[in-house]
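Have the model open alongside as you read.

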Amino acid sequence: MAVETIQRDDVYVLNYCAKLLARDDRSPRHNFGQFSDDALTARIAEPWRFPIVDSYSDGVNFEQSYRYNAVTFVYFAQGSALPGAVGVIGTFGNLYDPVPLRRIAETPYYTMTVVVPKGEVHQYKYVVDGEIRLDEVNPQRVILENGQPWSRFFTHLCCIPLTFERWELGILNRLTSHILPFETEDGRNFLERFYNTADRQTKDTQYAHAYRLDQPVGVVNFIDKLLAKEESHRVIDYRTCLELIDRVLRRRNPVTEPSQMPKEMYRQLYEEMAQDRVDGWDYGRYGSPRFFLQLLRRHTFTGAFCHPKYGGNVGAAGWAYLEERYRDANGQTLFQWRRIMERPLGSSMEYHG
Amino acid sequence: MSNDQGRRQFDAVIIGSGAGGAPIAHTLARAGKTVVVLEKGPLLKPQYQDDRRLSDFKRDELFATGPEKRIQLDNVANRGASFYSSHIEPDLNDEPHIYRERDGSDRVTIEGYTAQVVGGGTQLYGGVSLRFTPLDFRLQSFNEGRRDLGKDPKGDVQREARDWPINYEEIEPYYGKAEELVGINGTRANQSKPFSADKYQPPLAPNPISRFVELGMDALGMPRYRTPLAVITQDHPPSGRKASADPKTAFVNRYGDPLGLKSNTWVSLLTPISGLPNFELRANCVVTHLEHSGSRITKVHCRNAAGLSQTVEGKVVIVACSAIESVRLLKLSGQLNGGFERRINPNDLLGKYFLTHCFGGAEAFMPGRYDKSMTLDSDWATDFCASEQYLKANGLWAGAAIYNNTSDQALPISLARTHGSQDLDNIWRAFVDDTSLTGDRLVQFLDGNFGTRLSVSFMANQVPLKTNRIELHPTVKDKWGRPVAYIIKEWHSHDMHLMDTLANQCAEILRRAGAQGEPDYGGVHQAENAFARIANHILGGARFGRDRNDSVLDANCRAWDFDNLYVTDGAFMPTSGGANPTLTIQANAFRVADLLLGSV
């Protein structure tokens, strides 16, 4: 597979390295519980930013470019002896043919930028003077079927589940739906219209993989990606609480799968969690169901109305809901998000995303 | 690793690329002087400066308020608390600001940072670019002998108020220069400040919701003018920027502008000199301390993007990395060298008289619904509450600008995360706590709040107090092992009186404009973490003056006992002014730059 690489200038890469990597302090001051204290990821800030997944443009055709991300790898050489050659192998290219990284002069940073389609997940490793190594900076790991760990990244608009099992997705779908406006009659009607009338291009660019989602506006997918990357320290909260919720619901209704249980059961569960008093909850394992609910509320609202590149607000359905709902006496919308957002998501001729 | 750092000697070394540093770099580099600007933050460019026409700033709500991180530092009361910083704010575990809470505990805060990026705070600000009034420069004289000041039983105001060592007339030409070179739109008529020239670009049509502000201000007889904003509305020849057909977007306050229409100091003042051979910008370069020999700063020590130590030398050294960090840098240099400490702090005033603003305002539901996503940060302002007559009628020591905000809560995530709170430390809290907002109730929340609320703010002088101060924290260190800044401040009883008066005045504008129900209003002293609240207007701590026993800097912003050390960010201010400070910092920096032209 041919790999398209592009040049990013040194400053672009150093803009991340100076703030996040460079330091004297070696204490684990960035470990929120998800890392071991001796890991490099515990000592650096926002390790999830690596590799850097950013907008791509060829500088000419912005709509065509929208299908791709520019992914910038940064290898951070530890210790005083610097390697001679650093490359990267990965599923975005040829697994047996390392793409070379160049050293940024006078720094321990090696870098290379590759163009990768949106909506994808890839595994990669560095090849350092012939030795194959995981990326110590990026906390994302995946264990392949042969038991081998690889470093992982995913691009924007990714809809492939990375964090949750199917049963977890099912329960989360129900809980987030209870919070959002899309289970109201107006909300349901809106979504039906919205997704049925989206044109072919919108479907291709905005939710090419959305058939994998059986959830309104992709909020669960947003949370799945957020926990895989920016807020991986919250995986433990979700894992624990979804298991406890599953247990509570099965105890209340032993015959139906939790994801299929009636709305009323979720309403009642939600109310009990809000009161921090859930009948049957294992408080020894997780002290406050209300705390989890608060976390879920922040993630749910953010996922419904964030930029769609994060995997929620699929096709900008959340924004379109506000656009349609709020209109003046002449029928003109009072939320003109399209005019300020990049094409093809929006209609701005000036902003390129 | 070798450490070939390039050129070491310059006419001027400028620490910080924001409002206090960039005007000096611009002036000196244009005059042919060799200049290096050292900036801790990254260089993020607008689209028009990029080959691929992409910017590192995005119209993305998660750029302004990022994912959750947690405070991990030992010995702070809010260890474990969540924070959600912007992509160009510092990481609070790497470089926290710590303030002392009412109960004596130490807490980490995100307040008080401007932004760490080339352009500094001017990248994220709303762009409100008001002049101070002539009265703001002579508050000591104005208050002498007054017996009508409210809630000042010990006469603190008269004891602590200071006249600036320069008056309005001296800085006025530099206001005009800043307005022209930075690129500001607004109107001059009805401002209570004398103008020798009108350099404003024309303002855009106001957001429709702002007509209520017109109604309210007119009903109260408040002369109003279009709020001066650092956003270009026409081509701007001094910086080579082109106007946009569609510049209005609520991605303005707390967002960098991908189009470069917001007149941050990178696009307005540094870009025009960036091609000169005698100018160098070093982004991602943090200054750790200054070294001196006798009365001269001989070396500026810094760490480059890879963390390697470097030094540069300048005939003059200008410290302008935002008041808290500038004071910290001087104190760190003093901590490393007793001789430096004796020269920079002979009278124990360095870090003292730290100031922010008395700020607050009112907010109400207005009839109808408006598209607040098509807006700049503010439309109308008035100087009504800055007149001597108003101050005497209300027993106030100093005046305020009042203006409306239009971009607040204009976007859906910001609407939710600021629900019940506009405070960066408490963001999201009310929305996540209000568990009743689900389904139909969430729809009702959106129906009630989306495009329906209007706020009016005041920005006023805070009484200077010696006990309000910046110190080095005794135990907490940054990622380079250096003590972090420790903020100790409180509100004076007169500040509270002033804020209560002005908040009610803002509410009255909304009442007269036909607000639905009684407005919410108040001053920041009522906030839950009132001691932390800074409005990101960080001022004082190295005030200038005519008396070396009463100030840190002389009237030219030079440290009294150093021949070549200047401080030109907001730290120089002896009083905080009745308006947002950025334009005054820029104007003063242009003034100091002209003085330096004769000496380097």
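What follows looks at the interface first, then at the cavities, and finally at a pocket.

Keep in mind that this is a predicted model. Start with the contact between the chains: chain B puts in 79 residues and chain A puts in 74. Interface size is often quoted as the accessible area lost when the parts come together. Here, about 6,600 Å² is buried between chain B and chain A, with carbon and sulfur atoms giving 54% of that.

Ten salt bridges turn up across the interface of chain B and chain A. One to find on screen is B:Arg303 with A:Asp24, where the closest N and O atoms sit 2.5 Å apart. Between the two chains, 46 residue pairs are in polar contact. On the chain B side, the elements that give two or more residues are helix H2 (61-64), strand E3 (69-70), helix H11 (412-417), helix H12 (429-433) and helix H13 (439-449). H13(B) has the largest share, with six residues. Sorted by class, the chain B side that touches chain A has 36 nonpolar, 16 polar and 27 charged residues.

Searching the whole structure gives 13 cavities of 30 Å³ or more. The largest cavity has a volume of about 840 Å³, and 44 residues line it, with A:Trp48, A:Arg49, A:Glu230, A:Tyr310 and B:Phe63 closest to its centre. Helix H1 (10-20) of chain A is among the elements supplying at least two lining residues, and so are H2 and H11 of chain B. H1(A) gives the largest share of that lining, five residues. The lining as a whole divides into 20 nonpolar, eleven polar and 13 charged residues.

H1(A) comes up again in the second largest cavity, where it gives the most to the lining, with three residues. This cavity has a volume of about 280 Å³. Of its 21 lining residues, those closest to the centre are A:Ala18, A:Lys19, B:Lys40, B:Gln116 and B:Lys479. Its lining holds eight nonpolar, five polar and eight charged residues.

Last stop: the second largest pocket, at about 590 Å³. Its 27 lining residues include B:Ala81, B:Ser82, B:Asp425, B:Ile427 and B:Arg429, the closest to its centre. Even so, which element gives the largest share of the lining? That's H9(A), with four residues. By class, the pocket lining has 13 nonpolar, five polar and nine charged residues.

Definitions and conventions. Residues numbered from 1 in each chain as written. Chains lettered and ligands numbered in written order. Predicted model: local features only at pLDDT ≥ 70, side-chain atom pairs only at ≥ 80, totals over all residues. Heavy atoms only, no water. Contact = heavy atoms within 4.5 Å. Buried area = accessible area lost by both parts, 1.4 Å probe. Salt bridge = Lys/Arg side-chain N within 4 Å of Asp/Glu carboxyl O. Polar contact = N/O pair within 3.5 Å; in protein donor to acceptor, adjacent residues only side chain to side chain. Nonpolar A, V, L, I, M, F, W, Y, C, P; charged D, E, K, R; others polar. 1 Å grid on protein atoms, 1.4 Å probe; cavity = no way out; pocket = protein on both sides within 12 Å on 5 of 7 lines; lining within 4 Å. Points joined across faces, edges and corners; volume = space filled by probe spheres on them.
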